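Student: I am new to this structure and would like a close look at a single part of it. Please keep the answer connected.

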Amino acid sequence: MGTGATGTAIRAAALELFAARGYEGTTMAEIGAAVGIRGPSLYKHVASKQDLLVELMTTTMDGLLELQRVALAGTADPVERLRRAVDAHVRFHARHRREAFVGASEMRSLVEPHRGTVLGKRAEYERSFRRLVEEGVAAGRFRVPSVRLASYAILDLGMGLATWYREEGELSENEVVWQQTEFALRLVGAG
């Protein structure tokens with residue numbers, strides 16, 4: 001994958017087009033045109049459209065996993081750990097709506113072994129939320145009938161932002177993050 005300003009511009013154009021038209025509805029020529037590069041010259045910077053999709057989806061998942069790791073550092077309290085994890089999760093999705101949208105809608109477009117790699121990262125991320133809920137239940141701080149269902153619902157609090165949140169909307173990012181975090185804590189019966 002190309003580096004530098006051109007590589008960054010190509011990835012940004014691909015993301016924009018994949019979000020607007022879908023992976024299948026986007027051609028390499030359109031990506032090239034969006035950054036002022038003729039189709040054949042684009043291949044000097046990127047091997048394929050699939051490589052662009054893989055990089056976008058892998059980078060997104062790696063970013064989520066790293067933000068969560070940082071958010072959880074320094075506290076053992078289950079309520080605070082969940083609060084921090086949800087804050088990072090929701091904030092990421094508010095700031096990276098297109099990445100989240102493409103990640104959710106274009107999994108079907110990934111080919112193996114990339115599909116398995118990205119699905120593995122997604123499963124790791126979901127399991128981390130499930131462990132947070134399990135820790136809170138074990139400590140007597142959370143009450144849920146289904147830990148798995150609770151973790152899925154918490155994940156949806158962030159992922160759903162890709163479809164409705166806008167910076168210029170009624171609520172600021174901080175207000176949305178605070179409210180979604182409160183929803184998550186209520187969802188697990190934090191006490």
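Student: At what angle do α5 and α7 pack, and how far apart are their axes?

Tutor: This is a predicted model, in which local features need pLDDT of at least 70 and side-chain atom pairs count only at pLDDT 80 or more, while totals for chains, interfaces and linings use all residues. Residues are numbered from 1 along each chain as its sequence is written, and side-chain values use heavy atoms, with hydrogens and water left out.

α5 and α7 pack at about 155°, and their axes are 9 Å apart; axes are lines fitted to C-alpha atoms, for helices over the stretch in contact, and angles run from 0 to 180 degrees between N-to-C directions. That makes α5 roughly antiparallel to α7 (angles over 145 degrees count as such). From α5, P78, R81, L82, A85, V86 and H89 make the contact, and from α7, Y125, F129, L132, E135 and G136 (contact means heavy atoms within 4.5 Å).

Helix α7 covers residues 114-138; helices are DSSP runs of H or I, at least four residues, numbered from the N terminus. Among its buried residues are Y125, F129, L132 and G136, buried being under 20% relative accessible area with a 1.4 Å probe, protein chains only. What covers the buried residues of α7 includes α4 (49-72), α5 (78-95) and α8 (147-159).

V137 also lies in α7. V137 counts as partly exposed because its relative accessibility is 34%, and that class runs between 20% and 50%. Leaving aside neighbours within four places in sequence, V137 is in contact with F142, V144 and V147. Just after α7, G140 takes a positive phi of about 75°.

Conventions:
Helix = DSSP H or I, 4+ residues; strand = E, 2+ residues; numbered from the N terminus. Expected span 1.5 Å × (residues − 1). Parallel < 35°, antiparallel > 145°, perpendicular 65-115°, else oblique.
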